[in-house]
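Colleague: I would like a close look at one helix and its packing partners. Please keep the answer to one connected account.

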Amino acid sequence: MRYDELEAAILGLVVAAGADELRVFGIETVTRLVRSELLDSAADDELTEDAWAALTSARENVRTAGAAELRAQLTRIDAGILADDDLNQGLLIVITALEHWTTYLEEDRRGELYELAIRSVEEVDFQVSADLDDVLASPEMAAEYARIRHLLTTGLRSPSPAAT
């Protein structure tokens with residue numbers, strides 16, 4: 001599957017998904033994208049102390065926080081960005097994921113969950129450098145697409161590898 005075909009397939013899944021599936025997909029995906037490992041290489045001086053505190057709070061509460069709470073945290077994060085258009089890749093992924101999830105909660109726009117799915121695919125691609133002509137050739141990319149497809153069609157969280 002080419003990358004553009006993957007994007008179209010994901011868009012089709014988002015459009016066809018029910019409200020419950022969208023919610024579960026969004027929560028599971030944003031939780032995956034705000035994990036601490038993505039911040040391991042971020043420098044302390046990329047954000048102010050207050051922005052780091054807001055980011056930590058948003059990450060810790062992303063599964064239960066409402067739109068207003070997350071928007072307030074994102075406002076603090078945005079105000080505390082010290083880097084000049086050159087944020088660490090992991091930090092950028094985390095902030096962008098929080099933005100898409102928050103906007104979805106505020107406006108109930110499926111497009112935000114499509115963007116969240118694409119950011120999730122890009123995060124895996126960043127790790128494995130998938131072939132754009134056959135993006136699902138790597139096991140990691142195939143697994144991410146399967147996760148997305150599963151959540152958007154069943155709304156059920158996939159069992160963790162340790163549970164099987």
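Colleague: At what angle do α2 and α7 pack, and how far apart are their axes?

Modeller: This is a predicted model, in which local features need pLDDT of at least 70 and side-chain atom pairs count only at pLDDT 80 or more, while totals for chains, interfaces and linings use all residues. Residues are numbered from 1 along each chain as its sequence is written, and side-chain values use heavy atoms, with hydrogens and water left out.

The angle between α2 and α7 is about 150°, and their axes lie 7 Å apart. Helices here are DSSP runs of H or I with at least four residues, numbered from the N terminus. Axes are lines fitted to C-alpha atoms over the stretch in contact, with angles from 0 to 180 degrees between N-to-C directions. On the α2 side, Glu 21, Leu 22, Val 24, Phe 25, Glu 28, Thr 29 and Arg 32 meet residues of α7, where contact means heavy atoms within 4.5 Å. Their partners in α7 are Glu 144, Arg 147, Ile 148, Leu 151, Leu 152, Thr 153 and Thr 154. By class, this contact has 6 nonpolar, 3 polar and 5 charged residues; Ala, Val, Leu, Ile, Met, Phe, Trp, Tyr, Cys and Pro count as nonpolar, Asp, Glu, Lys and Arg as charged, and the others, Gly among them, as polar.

α2 also packs against α6: the axes come within 10 Å and cross at roughly 35°. That crossing is left-handed, meaning that the near helix is turned anticlockwise from the far one by less than a right angle. From α2, the contact takes in Leu 22, Phe 25, Gly 26, Thr 29, Val 30, Arg 32 and Leu 33. α6 contributes Arg 110, Leu 113, Leu 116, Ala 117, Arg 119, Ser 120, Glu 123 and Val 124. The residues of this contact divide into 8 nonpolar, 3 polar and 4 charged.

Terms used: Helices (H or I, at least four residues) and strands (E, at least two) are DSSP runs, numbered from the N terminus.
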